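Subject: Structure handover

Hello,

Here is the structure for you to look at. My notes on what was found in it follow below.

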Amino acid sequence: MVGALPNSCRTRSLPLGKLTRPHGAGSATAMSTRTYSGSCQCGRVRFEADIDLSAQPFPLIRPHAFRLLTGEADLSDMQFGPMLGHNLFCRHCRIRPFGKGHLAALGGDFYLINLATLDLEAAEAASLQSA
């Protein structure tokens with residue numbers, strides 16, 4: 001088929017029913033939330049986020065639990081489909097450390113963290129790979 005993407009290039013979509021509401025103050029899982037640092041590959045975009053890693057594969061967090069430390073000018077925004085979210089990429093290394101959006105069904109504004117960009121201890125990284 002002309003123009004079709006090979007299987008390795010296709011993205012996986014997740015039905016909204018499988019996404020959970022963003023974590024934050026007052027949520028049932030707030031006790032297992034911890035502050036993590038993360039960055040793009042080149043390090044120009046750095047952030048901190050209060051995340052419950054058990055909420056994988058897509059940890060959604062509230063805006064008050066996310067802090068962009070450096071690199072706001074180094075981010076490039078891409079939207080597609082229904083334009084509900086912002087896919088933010090580093091202009092230099094092309095890594096997407098996080099995205100953000102607003103969806104009433106998920107409780108409003110949220111950030112979506114790319115787990116691969118977090119600075120994790122070896123044990124934490126191993127537990128994420130086995131999950």
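I start with Ser 39, which sits in strand β1 (residues 34-39); strands here are DSSP runs of E with at least two residues, numbered from the N terminus. Please note that this is a predicted model, in which local features need pLDDT of at least 70 and side-chain atom pairs count only at pLDDT 80 or more, while totals for chains, interfaces and linings use all residues. Residues are numbered from 1 along each chain as its sequence is written, and side-chain values use heavy atoms, with hydrogens and water left out.

Ser 39 and Arg 46

Ser 39 has a relative accessible area of 12% and is therefore buried (buried is under 20% relative accessible area, exposed is over 50%, and partly exposed is in between, with a 1.4 Å probe and protein chains only). Its side chain makes a polar contact of 3.1 Å with the side chain of Arg 46. A polar contact is a pair of N or O atoms within 3.5 Å; within protein, one must be able to donate a hydrogen and the other to accept it, and residues adjacent in sequence count only if both atoms are side-chain atoms. Beyond its neighbours within four places in sequence, Ser 39 is in contact (heavy atoms within 4.5 Å) with Val 45, Arg 46, Phe 47, Pro 97 and Thr 117.

Arg 46 belongs to strand β2 (residues 46-51). At a relative accessible area of 29%, Arg 46 is partly exposed. The side chain of Arg 46 also has a polar contact of 3.1 Å with the side chain of Asp 119. Leaving aside neighbours within four places in sequence, the contacts of Arg 46 include Ser 37, Gly 38, Arg 67, Leu 69 and Asp 119. Between Arg 46 and Pro 97 there are 51 residues of sequence separation and a C-alpha to C-alpha distance of 8.6 Å.

Strands around β2

β1 and β2 run antiparallel and are joined by 6 bridges; two strands count as paired if DSSP finds at least two bridges between them. In this pairing, Ser 39 stands opposite Arg 46. The β1-β2 hairpin has 6 residues between its strands, and Gly 43 takes a positive phi near 85° there. β2 also pairs with strand β4 (residues 66-70), in the antiparallel sense and over 4 bridges. Glu 48 stands opposite Arg 67 of β4.

The five-stranded sheet

An open sheet of 5 strands has the order β3-β8-β7-β6-β5, with antiparallel pairing. β3 (60-61) and β5 (75-78) are at the edges with a single partner strand each, so one side of each has no neighbour in the sheet. Strands β6 (residues 85-90) and β7 (residues 98-103) are joined by 4 bridges. Gly 85 stands opposite Gly 101 in β7, and Leu 88 has Phe 98 as its bridge partner. β7 is joined to strand β8 (residues 108-113) by 6 bridges, with Phe 110 in β8 as the partner of Gly 101. The hairpin of β7 and β8 has 4 residues between the strands, and Gly 107 takes a positive phi near 95° in it.

Regards
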